[in-house]
2 protein chains.
Amino acid sequence: MQVADNPHAQPAFQQIKDHIVSRIRAGDWKEGDLVPTELELARLFGVSRMTANRAMRELAAEQVVVRVQGAGTFVAQEKYQATLVQIRNIADEIAARNHKHRSELHLLERARAKDSQAKQFDLKSGAELFHSLIVHFEDEVPIQVEDRWVNKLVAPDYMAQDFTKVTPNEYLMKAAPLQGVQYTIEAVMPSPDVAEMLRIGSQEPCLVLHRKTISRNKVASVAKLWHPGKKYRFSGEF
Amino acid sequence: MQVADNPHAQPAFQQIKDHIVSRIRAGDWKEGDLVPTELELARLFGVSRMTANRAMRELAAEQVVVRVQGAGTFVAQEKYQATLVQIRNIADEIAARNHKHRSELHLLERARAKDSQAKQFDLKSGAELFHSLIVHFEDEVPIQVEDRWVNKLVAPDYMAQDFTKVTPNEYLMKAAPLQGVQYTIEAVMPSPDVAEMLRIGSQEPCLVLHRKTISRNKVASVAKLWHPGKKYRFSGEF
DNA sequence: GAGTGGTCTAGACCACAAT
DNA sequence: TTGTGGTCTAGACCACTCC
């Protein structure tokens, strides 16, 4: 090979990838430009076509380039500039902070879906749902009120769980493979009930996460998670 | 090949991937279990080792399996159950809703870093920073107050921009390649200034996003984005 | 029809792990 | 030492695009 071949060198396919990325970053090739063909790269780097193919195939998987059979390989559109906030299971999050998690079950009941709920679950009005209300504590400070409705068809054993030991989130994950999630984050004032459970004043804002999970092609669960604004925030980095 | 070879068939490497995934999903192989070696798969499916290698290499990239040279290929840990919230540039977000975006520049100044800011920017106290205060409107309704501090070393031309035409976010993206982001989402009550700019009452909660961006190995910008809780939420799905 | 990417083969040599 | 994955070759045939 022409490529560097000492023990510390990167594999050839990686060198090709790095080369393409740096040319794009340097502005030599711009969005939509044709980049060299596999054969050209193979000749350039003195490798077989399969090696050039792997490099370009991986860059396509990374969305750096777009490949069109018969036409060529093009520089992809700039990646969407978005911030991704990761929200974790409350018990794991507390454990990660080396704090103690405890939860109190305030309510666990069977209920009939009202019209608005039936719509959310894509079920008929009056269909049976499970309803739980749990308060989560971090070192004995209430940090989350979890108001959750669960589709009986997806998790028929929901009522039999011990939610002081397993969070509903953990149980649902095992009971039904997650297909999709819809979520909303809001800042709202607490209802008197929630304020009491979180032990906060009625004038303290709450950070609320609505989370709707899809499983087995059905709406599995709709949850409303209330957090005290003064003590809780979503945060992270990448 | 032994694998199906009709025109509608999947490529061999894909059939192998599907087979592995379905065996894991069916519970035949559990977390940590050894899956067949490349040679075994090659024999099983009647393909060359390279084809089996591609299948397993891609599954490793997808974090379905973990590969250890010399030891074997193992079923990976279950994927982390986390919700990823995507936060977009306010102007793009409004455009995506087919609404009109407009921004008002309330302040654009040079300033010296106070101690707390210097710490955030990892600069000496008194270093020069740029400071902008912009209100963003969606169909003439104030939807975001953007209070932003910018590192002069990263974006020296910041003061020369027309922020009624380009958002600071857009300018910074082009001026300095993004390396990393740290963020926090909170629910807080507005200061009197912010309440006035957002045209909300002092008792209405705000959804606040703190965002610190890293560029060229420096802290590029620290922004505090205030949104009226009643009119704005972060939402999405996956 | 010429050129492109998509896939595949049957070998090969290497680094590393378990023994 | 044996077996594993990591990489690579020099061919091959195919489907597709563009002229």
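1. Welcome to this structure, a predicted model. Chain A holds 7 helices and 11 strands, where helices (H or I, at least four residues) and strands (E, at least two) are DSSP runs numbered from the N terminus. The radius of gyration of chain A, taken over C-alpha atoms, is 26 Å, well over the 18 Å that the globule rule gives for 238 residues, so chain A is more spread out than a compact globule. That rule is 2.2 Å times the number of residues to the power 0.38.

2. A word on conventions. Residues are numbered from 1 along each chain as its sequence is written, while chains are lettered from A and ligands numbered from 1 in the order in which they are written. Because this is a predicted model, local features need pLDDT of at least 70 and side-chain atom pairs count only at pLDDT 80 or more, whereas totals for chains, interfaces and linings use all residues.

3. Along its principal axes, the C-alpha trace of chain A spans about 70 × 40 × 30 Å. Of its 238 residues, 34% count as buried; a residue is buried if 20 or more other C-beta atoms, placed from the backbone, lie within 10 Å of its own.

4. Now for a sheet you can trace by eye. In chain A, 3 strands form an open antiparallel sheet in the order 1-3-2; strands pair if DSSP finds at least two bridges between them. Strand 1 (34–35) and strand 2 (65–68) are the edge strands, each pairing on one side only.

5. Strand 2 of chain A is joined to strand 3 (residues 72–75) by 4 bridges. Here A:Val68 stands opposite A:Gly72, and A:Val65 opposite A:Val75. These two strands form a hairpin with 3 residues between them, and A:Gly70 in the turn has a positive phi of about 90 degrees. On the other pairing, 2 bridges join strand 1 to strand 3, with A:Thr73 as the bridge partner of A:Val35.

6. Helix 3 (residues 49–61) of chain A lies across strand 2 and strand 3, running at about 115 degrees to strand 2; angles run from 0 to 180 degrees between N-to-C directions.

7. Finally, the nonpolar cores: sets of buried Ala, Val, Leu, Ile, Met, Phe, Trp, Tyr and Cys residues joined through C-beta atoms within 7 Å. In the largest, of 36 residues, A:Trp226 and B:Trp226 are among those touching the most other members. Apart from it lies another core of 16 residues, including A:Ile16 and A:Phe45.

Methods
A residue is buried if 20 or more other C-beta atoms lie within 10 Å of its own, exposed if 12 or fewer, and partly exposed in between; C-beta atoms are placed from the backbone. Two residues are in contact if their C-beta atoms, placed from the backbone, lie within 7 Å.
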